[in-house]
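Here are my notes for anyone opening this structure for the first time. Have a look at the model, then go through the points below.

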Amino acid sequence: MKNSVTKALFILISFTLINIPSAFALEKVTLQLKWKHAFQFAGYYAAKEKGFYEEKGLDVNIIPAVPGQDIISPVVNGFAQFGVSSNSLLQARDSGKPVVMLAIVYQHSSVVLLTLEKDMTKGIHSIQDQTAMLETKTAEIAAFLKQANIDINKMTLLKHSYDPQDLVNGKVDVISGYSIDEPFFLEKQNLYYKTFNPRSLGIDFYGDNLFTSEKEIRDHPERVKAFREASLKGWQYAMDNKEEIIQTILRDYPTSYTYEFLSYQAETMEDLVQPTLVEMGYFSHDRWQHIVNIYQNLGMLSKGFDLDKFLYDPAPSVGLAFFYQALAIAAGILVLIAAGLIYVLSINRRLDHALLESQEAKEIIWKQAYLDPLTNLSNRRNFKGRIQKALEKAEAKHTRVALLYLDLDDFKAINDFHGHDVGDNLLIEVANRLSQVISKKRNIYRLGGDEFTIIIDQFEDKAYLESLSQTILDKLSAPYCFDKDKLYISASIGISLYPKHAKNSDSLLRYADEAMFSAKDHGRNQYQFFTQKLHQDILYRMQVISDLRSSLEEQQFELHYQPIVVLNTGEIKKAEALIRWNHPVHGLTMPLEFIKIAEETSHIIDIGDWVFKTASKQLKQWRSEINPDLIMSVNTSPAQYQYKTSTMDSWFDHLQSLELDPHAIIIEITESMIMKENSHIEEKLMQFGHHGIQVALDDFGTGYSSLSHLNKFDIDFIKIDQTFISHLSMHSQQLELCEAIIIMAHKLGLSVIAEGIETEEQRRLLMKIGCDYGQGYLFATPMPKDDFEDLLRSSSSSQAQFRIMSSKDKNKQ
Ligand code: C2E
Ligand code: MG
Ligand code: MG
């Protein structure tokens, strides 16, 4: 009986205790906001809406502010118990106002300066002589300008109207504002604007601070704790359920802001609040100290400022030592050792716990894991999570996502010529410029090196993506000024779309990468959308790369030979060796389908070596057996001249071992090769000349080389490209050009070979303007060695003019 009474009493007491807040009237408290109702304060509305305040026994009245209102006095004077303020709170405290900072919601402040200045080269200093509306009470602006050595007194300052339209109308040149606010209005008007972020000069402050007064903490410590906890719970909820809270604001809190604006705020705040990285409300003592130091160094805070009194301690430490001592004594001497052990273990556990729980450590670890330290953009790991989320969201809402893959063109050259420091600065500037075009910086990622991706989760149509990509390209190609250097770089962009091109993030990324590759292939400094055709080309390319590996070993290559004749007589003087690939699956494959790939993958070095050695061996045989004066022309690729030492060094020995006169060999190089800065080309050509090997400039007229280039290199022949020949007719511009080339070449002591002669008319015209040699289907197509041998034999005996076609090649062309 006695037992059951106790039990009933216990239940009653517990019930009463648990339900105290709801059993009695809720405690009324007031929260003074620092601005009009907006998503900027979402967490507080969420705490109210979801009953988090009520659970803690609180009835919270949320009061908006009118622009320019003093937020601190109502809290200090007890009209409101809590307030939301900027970092001016520090100065209020310093001037004797007993305010205490309870929690941080914004890990980064959203305060920025905004201008409509279009000139990229103008930095923050350009605002020195301008007219401005600055919120000078926001200490961070003052700190930023002071840090940038801008004298506010020399500026023309107007009273802040808090209306970005004044910037648009030209009333002022610069305004202070918030990155979650004014840019929306400027973007809506499609205006180009520039933001100066104090973070760029190391002024990285916390954003909105939740605060109270010392009196409130002293008189109502539990209420402060309860309010703080419920508010932060509300914030977590709001950031996880943005759409719902936007609707709550629109329904319950009178505001002139639109749904679109609130959504914009919600999105841009993600970066500042960092709800997924940092526990809500968290602040670091060290970071506050750093902020205080900046203020103090700028003379904006007294030297003796007591930070500890300013910061609220949400979990004051409990003196456990005493508890353990008492426990040890009570347990007696026999358990002393055991108690000691428990004590040590528990201290260890607390230390471990403290370490693990250390948000600061977490923040650093997170940053290292998810942010790129150079550009401060999100990194590859972060990208993987975010793209996944973006696709899930798009799937749920039946919307689309575009992925832009951006790679700088020839960035390696910048690193090589200007050093890695300049390269790093360039990457930082590229990141800045991207952030100016893409409103949500968190959607820009640096995957590594000079590769960036951008997730676009809201767009109207393809035209929007086209214009956005072009804006990015234009912005990135503007000059970069570092010290005295003015550098230029361009970028190539590939674009893939969800769900059109791919439904999973890996494929979407791969396709955007493939499209970027294609943009580079088409000449760089451009964007390309992914297409299936492009994908097929890339698959083919990958197959070729893989097949090339075993091609030499498996003797899949073959040389065909095409005669080069004296134009006037038709006599075969030379032969050009042209490679063919007997592909095990695709059959006879022409060089245009694989040479470029072999060049890019350096397979060409061994292939080129094989070509030279096979062609020269063949030549030796034909010179010995049929025509002792025959000359062999062999094509070479730029990649073969890339390195100081190369397989080419063995060619001279090879010729010697064949006892073949080096003069019987012509090495063909392309015109574009001699335009490139490549000292090895010059060196190798000199070696060729030294050994008596002749050099021909292939495809002449396609690479814009100048006379000075021709003079610089030791060249014996010019081969006029077939594009000139195919359009040759009486009085044509091509004919005049060919004539000019021939006159010029002859003046320089070079002979001229016309490529791609297909008609008698072309031959006649070329003869008339003094061309020396001809090559083309009119005489013969390239043909296998046996056919060429027959041709050589018959022509040696008859000295006739040919029109023999190789049936094998004919089918292919
Ligand atoms: P190229 O050196 O300018 O060779 C001439 C190309 O024009 C050959 O194409 C030839 O078949 C073609 N041709 C000859 N006469 C006529 C004509 O009257 N009309 C037309 N339309 N075309 C004609 P092919 O054999 O397909 O070779 C293409 C290119 O591949 C060559 O152009 C050369 O740049 C490269 N190439 C061929 N073999 C090798 C090689 O062993 N090494 C390297 N690095 N490149 C090679
Ligand atoms: Mg050639
Ligand atoms: Mg050519």
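1. Let's start at the metals: Asp-698 bridges two magnesium ions, ligand 3 and ligand 2, which sit 4.2 Å apart. Keep in mind that this is a predicted model, where local features need pLDDT of at least 70, side-chain atom pairs count only at pLDDT 80 or more, and totals for chains, interfaces and linings use all residues. Residues are numbered from 1 along each chain as its sequence is written, chains are lettered from A and ligands numbered from 1 in the order in which they are written, and side-chain values use heavy atoms, with hydrogens and water left out.

2. Buried or exposed? Glu-755 is buried, at 7% relative accessible area, while Asp-699 is partly exposed at 25%. (Buried means under 20% relative accessible area, exposed over 50%, partly exposed in between, with a 1.4 Å probe and protein chains only.)

3. Now the inside. The largest nonpolar core has 103 residues, and Leu-31, Phe-39, Tyr-44, Leu-113 and Trp-288 have the most contacts inside it. Such a core is a set of buried Ala, Val, Leu, Ile, Met, Phe, Trp, Tyr and Cys residues joined through side-chain atoms within 4.5 Å. Helix H11 (residues 221–240) gives the largest share of this core, eight residues. (Helices are DSSP runs of H or I, at least four residues; strands are runs of E, at least two; both are numbered from the N terminus.)

4. Strand E12 (residues 444–448) has four of its five residues buried, so the rest of the structure largely encloses it. It pairs with strand E13 (residues 451–456) in the antiparallel sense over four bridges; pairing takes at least two DSSP bridges between the strands. The two form a hairpin with two residues between them, and Gly-449 in the turn has a positive phi of about 50°.

5. Finally, the charges: there are 40 salt bridges, each a side-chain nitrogen of Lys or Arg within 4 Å of a carboxyl oxygen of Asp or Glu. One joins Arg-433 to Glu-429, with the closest N and O atoms 3.1 Å apart. Both residues lie in helix H21 (residues 420–437), four residues apart, about one turn of the helix.

Key:
Donors are N, O and S atoms within 2.8 Å of the metal (3.2 Å for Na, K and Ca); water is not among the atoms, so sites may look incomplete.
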